Amino acid sequence: MNATDPEPDPGLDPVENVVATIARSAAEIRQGLVGRRGKAGAENPSGETQVEADVWADELLADRLTSIDGVAQYASEERSEIIDGGDDRVSVAVDPLDGSSNLKSNNTMGTVFGIYDEPLPAPGSALVASGWILYGPITTMAYARDGSVTKYELTGGERTVVEEDITLPDDPLVYGFGGRVPHWHDEFREFVREIESNPEHKLRYGGAMIGDVNQVLTYGGIFAYPALEGSPRGKLRLQFEGNPIAYLIEAAGGRSSDGSRSILEVEPDDLHDRVPLHVGNAEFIDRLEDALE
Ligand code: FDP
């Protein structure tokens, strides 16, 4: 595709309408970060301080996505309640600005989305598509549907395919692990030492999940935000981050795990549940699960 994404069309598949709307909004979100780097004076439902851009991007996406025919629900990491539009076909869960603490230092951030065919909160097995926008030196989108991953470059309202049927490279290169090292469990620390001991492997950690996961998609490797001492479910949210990332990485031939099973098998109890997240090449996730057993 190399065209301006159309306005939502009631005759079109709602999934494609959602993706086109998010892609079309990316340039505006990027532009809107300017002047919105300050604190919003509020916390999100997970107790984290919001920046103005978090709140603004959430409102922009909520307005646009709930006006699409076929979208039953909109939920976001930045609001407590689901916006319910009736018993339509799909539910959209969004992290409007993943890694927004990187705004202060002007480093990479992203927008993450998952499209479910069940009411939220839903397990990852109910996802029909997912993806992320990366606000790097250029704006890109990675999108998974029907077991296939496509990467696009976004300029203004235009979406240009860069690569189709993407799979993780066979020889994993990069690793990045979140959370304070003193809070890692011993088994996880041991696993990290083993990964680091291979001179072929390189540390890539930027403090925004989506930037770090995009490195794994590009070079192969592993990203994790593990269970921590005092935070048994780590930090990242299942509906808005864990599931969409796991769906895309699995569609690219990789694996995801909460420590013992695919993230997509985790049943949610609450919309804002957290989950220990480990994604990457299957050989790394297999070794991780053995180490945590
Ligand atoms: P942020 O709080 O800046 O939005 O999910 C949120 C997230 O960033 C991830 O993108 C990132 O991997 C993680 O939190 C980093 O958190 P800590 O710096 O608190 O470890």
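Q: Which pocket is the space taken by the ligand?
A: The model is predicted, so local features need pLDDT of at least 70 and side-chain atom pairs pLDDT 80 or more, while totals for chains, interfaces and linings use all residues. Residues are numbered from 1 along each chain as its sequence is written, and side-chain values use heavy atoms, without hydrogens and water. A pocket is an open set of points on a 1 Å grid over the protein atoms alone, where a 1.4 Å probe fits, with protein on both sides within 12 Å along at least five of seven lines; a molecule sits in it if more than half of its atoms lie within 2 Å of its grid points. The space that the ligand takes is the largest pocket.

Q: How much of the ligand's exposed area does the protein bury?
A: Polar contacts are pairs of N or O atoms within 3.5 Å. A polar side-chain atom of Ser101 is 2.3 Å from a ligand oxygen atom, and one of Tyr225 is 2.7 Å from a ligand oxygen atom. Taken alone, the ligand exposes 470 Å² (Shrake-Rupley method, 1.4 Å probe), and the protein buries 79% of that.

Q: How many residues of helix α4 are buried?
A: Helices are DSSP runs (H or I, at least four residues), numbered from the N terminus, and buried means under 20% relative accessible area (1.4 Å probe, protein chains only). Among the buried residues of α4 are Met209, Asp212 and Leu217. Helix α4 spans residues 209–219 and is largely enclosed by the rest of the structure, because the buried residues number eight of the 11.

How values were computed
Buried < 20%, exposed > 50% of the residue type's maximum accessible area, 1.4 Å probe, protein only. Helix = DSSP H or I, 4+ residues; strand = E, 2+ residues; numbered from the N terminus. Polar contact = N/O pair within 3.5 Å; in protein donor to acceptor, adjacent residues only side chain to side chain. 1 Å grid on protein atoms, 1.4 Å probe; cavity = no way out; pocket = protein on both sides within 12 Å on 5 of 7 lines; lining within 4 Å.
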